[in-house]
Amino acid sequence: MIGGGTGDAGGPGGATAPDAEARADVAPAAAPSARRSGEWARHWQYAGLPGLDLLRARYVRHTFPRHSHEGYVLGAVTGGIERIGLPDGAVDAGGGGIVMINPEVPHTAQAGAPEGWAYSTLYPSAQLVADIAAETTGLTGTAGFTDAFAADPEAVRLVNGVHRAAEEGNALAADSLLRVVIARLLRRHGGPPPPRTPAAAGARTAERARALLETRLTSPPSLEQLAQELGTSPFALLRAFKNAYGMPPHAWLTDARVRRARRLLEAGTAPAEAAVAVGFTDQPHLNRHFTRIVGVPPGAYRRERAGSARTYKTAGKGPS
């Protein structure tokens, strides 16, 4: 997930906030009580836009732990400041700007200002971006974004337009605006994915560790057991895994469990069943980690996939 400038001016690294009309369009129209409470989010899919997830939200206390996505993240910040922690350092994204994160790039997100941040986010699949890049740019091979953030109020307007058209059930407008904004960002900020650093010692060990964890999500070994199985030491494994994937094995495991839970929920599995199936102790255990990483609880996520238009309102101290 990804964050925002104050309602009137961007913070460090941010741009001037969009006009009042754009700010007013941030929250789904069906959730006035959610707007009054301070935090709200809607994470959903629209049948007219295959290969795309959508999120519109305002967060104040919510903090996204380090995680990554299988596809791209394109976040239009509409208010406040979002602070994104990337491998190369933190970026303060202000209103009127676009955050661009490539697949499998580990990152965190949290408020960069007391009022939090609001954004409209698109999560296009790798295939969707590749198709648009092939049709509209001269990029060959895998396309990536070379900038993590850019001030671009027009792109923010287009992203908001995708959300608005999808919410209205206007597939033609939603699909058209989606392709226009992705093509615009690729032309301005696209290029080959940033070169990987030369493989460090232990990269093969990290790859083997990840493969083992993928097959043992429900009953993972301890760090010591995993290291013994791979013929290395616990600390050497920790270093190698973090160098390769940007997070330690236990954080990667939680992220992988949440990814698998998302697929089960999308297929209609009840949250309690999904929790056990991916290795969480129970549904509250799933709820806690799922909400932190995805931004909404698993029940709300499942209902949206089932076609129920709902907005999640955080309560109390917010997701944790």
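Which does Thr254 count as, buried or exposed, and at what relative accessibility?

Analyst: Thr254 counts as buried, because its relative accessibility is 18%; the term buried means under 20% relative accessible area, exposed means over 50%, and partly exposed lies in between (1.4 Å probe, protein chains only). The model is a predicted one, in which local features need pLDDT of at least 70 and side-chain atom pairs count only at pLDDT 80 or more, while totals for chains, interfaces and linings use all residues. Residues are numbered from 1 along each chain as its sequence is written, and side-chain values use heavy atoms, with hydrogens and water left out.

Thr254 is part of helix 9, which spans residues 249-266. Helices are DSSP runs of H or I with at least four residues, strands are runs of E with at least two, and both are numbered from the N terminus. When neighbours within four places in sequence are set aside, the residues in contact with Thr254 (heavy atoms within 4.5 Å) are Phe280, His289 and Ile293.

Rings of Phe, Tyr and Trp (its six-membered ring) pair if their centres lie within 6.5 Å; planes under 30 degrees apart are stacked, over 60 edge-to-face, and the rest tilted. By this rule there are ten aromatic pairs. One of them joins Phe241 and Trp252 edge-to-face, at 6.1 Å centre to centre and 75° between the planes. Trp252 belongs to helix 9 and Phe241 to helix 8, so this pair ties together parts that are eleven residues apart in sequence. Both Phe241 and Trp252 are buried.

Helix 8 (234-245), together with helix 6 (203-215), is in turn what the buried residues of helix 7 pack against. In helix 7, residues 223-230, the buried residues are Leu226, Ala227 and Leu230. Viewed down the helix axis, they fall within an arc of 100°, so they line one face of helix 7; the arc is taken over the directions from the axis to the C-beta atoms. Just after this helix comes Gly231, with a positive phi of about 75°.

A further aromatic pair, again edge-to-face, is made by Tyr59 and Phe64, with 5.4 Å centre to centre and 85° between the planes.
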